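Open the model in your viewer and switch to cartoon view. Then follow the stops below.

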Amino acid sequence: MKNFPCRCLSGRSRLVTGLLSLLLWISTAATKTAKSTPTGSPAGTIQTAFNTKTAIWEVTWPGRISQYDLVYYSPPVDPLQGIALGNGQIGVLFWCEESRLIASVTRSDLWDDAATGRFHNWSAAEEDLSSTLRHACRIIFDFKYPLFNTLYLSDFAGRLSLADGSMNLTAASAFGTVHFEAFIDQATGVLLCRMDSDFNEDTPMEVAVERFGSRTFSHWYSQITDQRSLGLQATEAGVSDEMVFITQGLTSGRFAAGAALLQQNNLHVQCTREHSRRSSLSLTGPGRKQAELAFFVTQPLPRDPLPVLRQSLNQAKASGFDQLFQGHCQIWKKMWLRSFMDYGDDYLNSLWHLTMYYAIASQGGSYPGRFTNGLWGWNRDVQPWNFYFHWNQQQLYWPLNAAGHHDLLTPYLNYRFHSLPLAKQDCRQFLHADGAFISDVTERRGYNSLGELVNHTPVAEIALDFWRQYQFTQDARFLTDQALPFMIEAARFCTSLLVKESDGLYHSREGTGYEGWIKMKDSLTELVYCRALLQATLTALQTAKVHLAEIQQWQEILAHMAPLPIVQADNRLISQQADGFLL
């Protein structure tokens with residue numbers, strides 16, 4: 001099995017992400033074919049692991065996927081190397097600290113919105129007051145002994161199982177042993193945990209649910225506000241019928257997060273509200289303690305969320321750990337068998353499977369998981385970068401169509417489509433043009449950051465994502481209802497960037513490249529994306545049998561687009577080698 005450390009949860013690793021995305025896009029769904037024809041098969045038949053009658057990959061299961069599991073030989077004491085679970089809507093990150101196993105919980109729709117709409121990404125006055133995704137809470141499993149400290153460990157084994165989106169760990173120490181299993185039910189979003197501790201003494205085990213909000217530290221490296229009480233408001237903890245919970249008020253509603261025991265195996269349970277931000281349950285009884293627990297976090301609601309929380313936990317209790325896990329495993333298996341990739345390189349295969357796991361676990365909710373951290377926060381409400389940065393966000397989606405995961409693009413495309421009215425308003429108001437403009441930096445309601453108005457191409461790139469989704473799905477309703485309306489408005493804006501000059505060609509007006517402030521005429525990105533978008537939009541209009549007055553104008557532009565600017569390099573800069581050219 002692979003021992004592949006997890007260092008993929010944070011940071012703006014653009015080059016790595018870009019290379020991975022390119023690799024995935026190129027090499028997904030490849031199979032090796034046999035040189036010989038099977039006995040009894042028609043001449044020329046290709047032997048493949050893909051069953052063309054059932055559309056199922058007939059591969060070893062779960063070994064085909066589990067060979068790429070994340071395996072831990074020591075406790076993940078750094079949250080950035082923690083064990084990440086998710087069902088697309090809810091994400092939970094596990095790590096170890098001394099006697100405690102900590103689970104940080106996030107849900108994709110726990111939004112606190114700014115009082116204003118349009119914003120400025122670098123405004124000091126707006127820092128930590130912008131729209132942000134809040135964490136739900138932390139669940140803390142405290143075994144009361146420092147068994148995760150390597151001073152006392154005699155053995156440790158942990159695993160993130162990619163095939164079924166589950167985790168388990170076993171720690172053996174001078175004080176005794178602990179075994180822990182968990183998964184987030186793919187269908188319901190309930191976190192199920194199974195605990196088994198066997199210590200030398202009869203020691204209580206504690207499970208606590210707590211929430212301490214905080215500043216977001218969006219620009220932690222440059223611009224930090226001094227308001228230390230931000231994020232601490234509107235939290236209330238409580239206990240009810242052996243359920244421990246917290247509720248939290250947001251601008252989008254109030255949510256509840258809580259835990260209840262499924263099985264306690266004759267343990268005595270005591271629930272305590274410790275203060276307004278923490279409730280806990282204590283398990284006492286025999287030296288060996290076995291228990292199963294369910295946890296859930298609701299969406300923000302305009303009413304009391306506790307009945308919804310209680311109903312979800314009761315349903316999980318009625319079904320039980322094992323029954324829910326069986327159905328959960330079948331869902332994960334179907335998702336993995338949508339495609340099959342073997343690059344021929346062990347390390348690249350590991351990267352591919354881990355990348356697809358994170359996509360499945362973080363991109364299926366009400367809102368897309370962001371490029372930084374997905375749905376896995378490690379430090380209260382801290383959200384580095386905080387917003388949807390298009391340049392980075394788009395790279396999460398490039399490999400997904402080719403891998404058969406079109407549904408994982410739906411939250412992202414819905415988010416972009418719902419922002420179209422605001423994008424049209426900003427285009428008219430700030431750029432004095434028809435169509436739609438989307439900034440490189442946007443927040444969850446679709447409002448643009450107004451500091452990036454000269455970077456013109458994000459809307460075209462997003463429009464081509466809509467077109468790619470249609471090309472893979474052939475969903476005619478999606479084309480007419482979402483893709484084509486978005487593409488048309490993006491194309492209208494792109495044509496406003498072009499001016500017919502005395503040479504009879506259409507040139508782009510001044511604009512910047514990605515994250516640059518130098519204004520350029522005939523910028524490569526503007527010329528390339530205008531051409532690509534106009535071609536795709538004309539094809540989409542023809543496919544949908546829709547006629548627009550602009551069609552003739554767009555055809556004229558395509559026929560007379562300025563060529564890409566070329567600078568003649570000195571011949572001494574380039575030499576021809578046996579295997580290619582050297583700069």
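Two strands pair if DSSP finds at least two bridges between them. Strands (E, at least two residues) and helices (H or I, at least four) are DSSP runs, numbered from the N terminus. This is a predicted model: local features need pLDDT of at least 70, side-chain atom pairs count only at pLDDT 80 or more, and totals for chains, interfaces and linings use all residues. Residues are numbered from 1 along each chain as its sequence is written, and side-chain values use heavy atoms, without hydrogens and water.

Stop 1: Select strand 3 and strand 8 (residues 153-161): 3 bridges join them, and they run antiparallel. Val 71 stands opposite Arg 159 in strand 8.

Stop 2: A pocket is an open set of points on a 1 Å grid over the protein atoms alone, where a 1.4 Å probe fits, with protein on both sides within 12 Å along at least five of seven lines; lining residues have an atom within 4 Å of a point. Select Asp 112, Asp 113, Asp 128, Arg 134 and Gly 231: of the 19 lining residues, these lie nearest the centre of the second largest pocket. Strand 14 gives the most to this lining, with 3 residues.
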